[in-house]
Amino acid sequence: MIKVGASILSADLLHLQDELTDLEKAGVDFLHYDVMDGHFVPNLTFGPNLVKTVKQAWSRQIDVHLMVDNPQQVVPWFVEVKPFRISWHIEVKVNHQELCQKLKKEGIIPGIAINPPTDCEQLKPFIQYFDYVLIMSVNPGFGGQKFISSVLEKVAKIKKMKDLPLYIDGGINQSSAVLARQAGIENLISGSYLVKAGNRKKACQSLRGPLK
Ligand code: DX5
Ligand code: ZN
């Protein structure tokens with residue numbers, strides 16, 4: 001079953017409550033919450049406090065994507081506001097095992113994100129600790145970038161290491177979603193295409209593809 005996530009980065013923050021209500025109505029399965037620290041990526045976004053606010057208008061799953069240099073420090077801040085999933089990047093040096101254990105103890109699902117240029121061999125020693133992989137299909141930092149299709153070559157390699165849910169993030173629209181689905185990815189995250197669509201319900205449905 002294809003699941004669709006909406007990236008909060010593309011939402012109209014001035015009308016966040018209406019935006020979230022509308023995205024739920026459009027059939028979005030989960031909210032993707034992008035955290036950027038200005039070091040790991042050249043942009044700054046949201047901290048943990050806004051998750052509490054979001055929860056007042058969003059009743060479905062929230063998935064926090066940490067694009068930060070120091071998950072060791074940042075993860076506990078987000079554990080407190082209890083999202084459904086939290087991912088951080090394989091490109092940062094951190095004790096993955098310890099952090100995953102911490103999350104699981106709190107009932108939060110840990111995921112590992114991987115940037116387009118990063119060889120997925122780097123996941124090998126650590127993938128055992130994680131419950132999903134977030135394949136980045138743009139270089140993180142900004143919404144609205146073009147989909148990098150070569151990242152789809154990672155799917156088979158990752159599945160061989162561990163059969164776990166795969167998420168794809170960056171440049172997902174109707175046509176890149178077809179490629180991602182064909183490659184075997186079941187969780188599609190979309191910002192600009194979905195959240196800025198005139199008809200979000202239609203956009204969400206187009207990402208899921210034809211009904212089977
Ligand atoms: C990129 C973020 C993505 C982004 C997706 O740094 O991690 O989640 O918001 O937005 P689009 O779909 O516009 O690429
Ligand atoms: Zn993201």
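**Cysteines, helices and a loop**

A: Let us begin with cysteine 204, which counts as buried at 1% relative accessibility. Please keep in mind that this is a predicted model.

Q: And is cysteine 100 buried or exposed?
A: Cysteine 100 is buried, and its relative accessible area is 2%.

Q: How many disulfides does the structure hold?
A: The structure holds zero disulfides.

Q: Switching to helices, how do helix 3 and helix 4 pack?
A: Helix 3 and helix 4, the latter made of residues 96-105, pack at an angle of about 5 degrees, and their axes are 11 Å apart. That angle makes helix 3 roughly parallel to helix 4.

Q: Which residues make that contact?
A: From helix 3 the contact uses Pro71, Gln72, Val75 and Val79, while helix 4 brings Glu98, Leu99 and Leu103. Sorted by class, the contact of helix 3 with helix 4 has five nonpolar residues, one polar and one charged.

Q: What about helix 6 and helix 8?
A: Helix 6 (residues 174-183) packs with helix 8 (residues 200-208) at an angle of about 30 degrees, with the axes 8 Å apart, and these two helices are therefore roughly parallel to each other. Gln174, Ala177 and Arg181 in helix 6 meet Ser206, Leu207 and Arg208 in helix 8, a contact that by class has two nonpolar, two polar and two charged residues.

Q: Which residues of helix 5 are buried?
A: In helix 5, which spans residues 154-161, the buried residues are Lys154, Val155 and Ile158. Viewed down the axis of helix 5, these buried residues fall within an arc of 100 degrees, so they line one face of the helix. Ala156 and Lys160 are exposed on the other side of helix 5.

Q: What covers the buried residues of helix 5?
A: The cover includes strand 5 (109-114), strand 6 (132-136), strand 7 (166-169) and helix 6.

Q: Last topic, the backbone: what is phi of lysine 82 near?
A: Phi of lysine 82 is near 50 degrees, which is a positive value in a residue other than glycine. Most residues other than glycine have a negative phi.

Q: Where is lysine 82 placed?
A: Lysine 82 is in the loop between helix 3 (71-79) and strand 4 (85-89), and at 42% relative accessibility lysine 82 counts as partly exposed.

Note on methods. Residues are numbered from 1 along each chain as its sequence is written. Chains are lettered from A and ligands numbered from 1 in the order in which they are written. This is a predicted model: local features need pLDDT of at least 70, side-chain atom pairs count only at pLDDT 80 or more; totals for chains, interfaces and linings use all residues. Side-chain values use heavy atoms; hydrogens and water are left out. Axes are lines fitted to C-alpha atoms, for helices over the stretch in contact, and angles run from 0 to 180 degrees between N-to-C directions. Helices (H or I, at least four residues) and strands (E, at least two) are DSSP runs, numbered from the N terminus. Angles under 35 degrees count as roughly parallel, over 145 as roughly antiparallel, 65 to 115 as roughly perpendicular and the rest as oblique. Contact means heavy atoms within 4.5 Å. Ala, Val, Leu, Ile, Met, Phe, Trp, Tyr, Cys and Pro count as nonpolar, Asp, Glu, Lys and Arg as charged, and the others, Gly among them, as polar. A disulfide is a pair of cysteine sulfur atoms within 2.5 Å. Buried means under 20% relative accessible area, exposed over 50%, partly exposed in between (1.4 Å probe, protein chains only). The arc is that of the directions from the helix axis to the C-beta atoms.
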